[in-house]
Amino acid sequence: MEQYLWEKLSPEQKKRQLYLEQKKTLETFLEHGAISQAQFDKSLGDLTEKMGMNGTEE
């Protein structure tokens, strides 16, 4: 994301954007076989809980 766009986001929007980027990274790892489905599920669950993003899906 461009710096000037990032600066215009609210703290909640920044948090959501970071969450979505981390989720995408996990999905990429899963697609390339770097992690198993079980590892993906655990990591995404932990990420979702720690970031307070329960119910947040893209």
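This is a predicted model: local features need pLDDT of at least 70, side-chain atom pairs count only at pLDDT 80 or more; totals for chains, interfaces and linings use all residues.
Visitor: How many residues does helix 3 have, and how far does helix 3 reach?

Guide: Compare the span with the expected one. Helix 3 has 14 residues, and from the first C-alpha to the last it reaches 20 Å. That is close to the 20 Å expected at 1.5 Å a residue.

Visitor: Which residues of helix 3 are buried?

Guide: The general idea is a cut-off: a residue counts as buried when its relative accessible area is under 20%. In helix 3, the buried residues are F40, L44, L47 and T48. Seen down the axis of helix 3, the buried residues fall within an arc of 95°, so they line one face of the helix.

Visitor: Which residues are exposed on the other side of helix 3?

Guide: There you find A38, K42, E49 and K50, which are exposed.

Visitor: What covers the buried residues of helix 3?

Guide: The cover includes helix 2, residues 11-31. Take L44, which has its place in helix 3. L44 has a relative accessible area of 13%, so it is buried. With neighbours within four places in sequence left aside, L44 is in contact with Y19, K23 and L26. Y19 and L44 are 25 residues apart along the chain, yet their C-alpha atoms are separated by 9.7 Å.

Visitor: What does L26 touch, not counting residues up to four places away in sequence?

Guide: L26 touches I35, F40, S43, L44 and L47.

Visitor: Where does I35 lie, and is I35 buried or exposed?

Guide: I35 lies in the loop between helix 2 and helix 3. Its relative accessible area is 18%, so I35 is buried. Leaving aside neighbours within four places in sequence, the contacts of I35 are L26, F29, L30 and F40.

Visitor: Which residues make up the largest nonpolar core?

Guide: Such a core is read as a set of buried nonpolar residues joined through their side chains. Here the largest one has nine residues: Y19, L20, L26, I35, F40, L44, L47, M51 and M53. Helix 2 and helix 3 are the elements that give two or more residues to this core.

Visitor: Why does T48 count as buried?

Guide: T48 lies in helix 3, residues 37-50. Its relative accessibility is 11%, and because the cut-off is under 20%, T48 counts as buried. Not counting residues up to four places away in sequence, T48 touches Y19, M53 and N54.

Visitor: How many salt bridges does a search of the whole structure find?

Guide: Start with the general idea. Side chains of opposite charge can pair when their charged atoms come close. In this model, a search of the whole structure finds one salt bridge. D46 forms it with K42, and the closest N and O atoms are 2.7 Å apart.

Visitor: Where do D46 and K42 lie?

Guide: Both are in helix 3, four residues apart, which is about one turn of the helix.

Visitor: What are the relative accessible areas of D46 and K42?

Guide: D46 has a relative accessible area of 29% and is partly exposed. K42 has a relative accessible area of 52% and is exposed.

Terms used:
Residues are numbered from 1 along each chain as its sequence is written. Side-chain values use heavy atoms; hydrogens and water are left out. Buried means under 20% relative accessible area, exposed over 50%, partly exposed in between (1.4 Å probe, protein chains only). Contact means heavy atoms within 4.5 Å. A salt bridge is a side-chain nitrogen of Lys or Arg within 4 Å of a carboxyl oxygen of Asp or Glu. The expected span of a helix is 1.5 Å times one less than its number of residues. The arc is that of the directions from the helix axis to the C-beta atoms. A nonpolar core is a set of buried Ala, Val, Leu, Ile, Met, Phe, Trp, Tyr and Cys residues joined through side-chain atoms within 4.5 Å.
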